[in-house]
Amino acid sequence: MGSDFEYAAVALDHARQPRNLGPLDSCNGHARITGSCGDTMELWLQIRDDRVCRVGFITDGCGSSLACGSITTELATGRTVEEAYVIEQKDVLDALGGLPEESRHCAVLAAETLRAACEDFIKKGRPLPENEPTPPESCDICDTTSCSAKQRQQEESDKEFAERQQLERRMCRIRHKILVLSGKGGVGKSTVAANLAVSLAEAGKKVGLLDIDIHGPSIPRLLGLERQQIGTTEQGMLPVRMTQNLSVMSIGFMLGNRSTPVIWRGPRKYGAIRQFLKDVLWGSLDYLVVDSPPGTGDEPLSIAQLVGTGAQALIVTTPQDLAIADVRRCVSFCRSLSLPVLGIVENMSGYVCPQCGRKTDLFKAGGGKALADETGVPFLGVIPIEPDIVTSGDGGRPFAQEHTHTAAAAAFADLVSAILGGHNETTPLSKHERRTSV
Ligand code: ADP
């Protein structure tokens with residue numbers, strides 16, 4: 001390593017006394033990667049019952065590579081393969097207390113080598129030889145003995161119990177779940193869901209975006225992911241990683257021909273949504289944003305019932321009376337399911353002429369705020385009509401990132417700040433240039 005001055009004590013310690021240095025005699029996950037800097041890292045995993053019990057590594061790189069490899073082995077040990085798989089550069093850097101700019105690629109190399117070793121295990125699925133050490137207990141998420149995942153329900157078969165445990169364990173690793181709902185279609189619900197997920201990820205949160213609109217999944221198109229394919233493994237489905245912090249899963253990735261309509265009845269939709277929640281390898285997330293179809297039908301009902309604790313509804317509406325009547329129903333729907341409402345957002349609220357600056361309320365204005373007052377639900381702000389939203393969406397690019405100078409992006413940044421503030425989290429969104437606030 002270069003000058004000691006720049007390094008945190010943890011980084012120095014791991015560089016000078018790297019843990020788990022050296023190959024393992026037997027392993028069931030292995031990878032060797034040469035990074036862009038020319039350094040090579042090789043990593044061995046011993047995995048039993050889906051949990052990493054030992055890790056070994058070697059590198060021909062400098063002290064920073066040693067520190068990154070060493071801390072990565074510690075981060076991975078004891079985790080499930082799914083959790084180890086999503087360890088990334090930021091986790092490595094955070095655990096080391098940071099590294100100088102010129103050494104950060106070593107953290108990428110360590111995280112990528114770990115991910116490749118996990119993939120090797122996932123693809124080949126080899127068991128370990130019998131004499132290898134036993135891993136820790138399988139569910140270590142919490143000590144609560146009364147947790148429903150630990151209690152078999154009456155008349156629940158072994159298979160049903162195991163599946164419910166799997167679902168609840170996965171949901172348990174997600175701190176906040178935001179179900180984006182709307183009373184009717186075309187009000188901008190998917191646009192809000194996609195841009196919310198992107199903005200939360202940009203604010204440093206680990207985010208999953210799940211699109212369960214079986215009849216019209218639009219998230220792949222809005223985010224330019226239409227050609228993406230999801231990976232399937234014995235452990236579950238791998239979501240599409242859009243950025244380091246954002247993973248996306250859409251029913252659209254699985255539907256094949258997009259011009260063929262999906263004709264599914266309620267139980268089949270429930271089954272598909274349950275499988276999505278149970279089988280997608282999200283890992284630990286700060287936020288899962290769910291884009292649900294409009295209305296109060298099978299899909300919103302299924303997701304609200306399945307997603308478990310920490311869920312809140314974000315209701316998107318346009319200001320006119322017709323939309324507001326549907327939102328009233330949406331609020332009642334949430335209340336009947338004891339689903340807390342995070343708030344109402346009024347989208348397409350007024351159009352400001354770029355030539356003369358005059359505002360025209362094409363769909364009226366104030367309906368969302370009035371309904372929020374009437375129902376006692378928080379009002380989270382208004383997003384104006386913005387033609388750039390349409391062009392960004394059609395082009396598969398998130399408008400909140402692409403058009404940061406617009407009033408709509410500023411309104412959106414305020415919405416994200418309000419959500420993070422409500423969850424007592426900080427946001428670096430102040431970098432957005434703002435013309436107006438909501
Ligand atoms: P929903 O999910 O409610 O059906 P979408 O998010 O698909 O709605 O949006 C419908 C259309 O409206 C899309 O073409 C989108 O680009 C556009 N749109 C959404 N919000 C705005 C806005 N504030 N200004 C202009 N166009 C918008």
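Modeller: Residues are numbered from 1 along each chain as its sequence is written. In this predicted model, local features need pLDDT of at least 70 and side-chain atom pairs count only at pLDDT 80 or more, while totals for chains, interfaces and linings use all residues.

Biologist: How many helices and strands are there in the protein chain?

Modeller: Helices (H or I, at least four residues) and strands (E, at least two) are DSSP runs, numbered from the N terminus. By that count, the protein chain holds 15 helices and 15 strands.

Biologist: What is the strand order in the open sheet of 3 strands?

Modeller: Two strands pair if DSSP finds at least two bridges between them. Strand β1 (residues 29-34) pairs with strand β2 (residues 40-48) in the antiparallel sense over 6 bridges, and β2 pairs likewise with strand β3 (residues 51-59) over 8 bridges. The open sheet, with antiparallel pairing, therefore has the order β1-β2-β3.

Biologist: Which are the edge strands?

Modeller: An edge strand here pairs on one side only. The edge strands are β1 and β3.

Biologist: Which residue of β2 stands opposite H30?

Modeller: The pairing of β1 with β2 is antiparallel. Within it, R32 stands opposite E42. The residue opposite H30 is W44.

Biologist: Which residue takes a positive phi in the hairpin of β2 and β3?

Modeller: The hairpin of β1 and β2 has 5 residues between its strands, and G38 in that turn has a positive phi of about 95 degrees. The hairpin of β2 and β3 has 2 residues between the strands. There, a positive phi near 50 degrees belongs to D49.

Biologist: At what angle does helix α2 run to β3?

Modeller: Axes are lines fitted to C-alpha atoms, for helices over the stretch in contact (C-beta atoms, placed from the backbone, within 7 Å). Angles run from 0 to 180 degrees between N-to-C directions. Helix α2 (residues 63-76) lies across β2 and β3, and its angle to β3 is about 170 degrees.

Biologist: Which residues come nearest to the ligand?

Modeller: A residue is near a molecule if its C-beta atom, placed from the backbone, lies within 6 Å of it. α7 (189-202) and α13 (387-394) each supply at least two residues of the shell around the ligand. Of the 18 residues around the ligand, those that come nearest are G188, K189, S190, T191 and G393.

Technical notes:
Contact = placed C-beta atoms within 7 Å.
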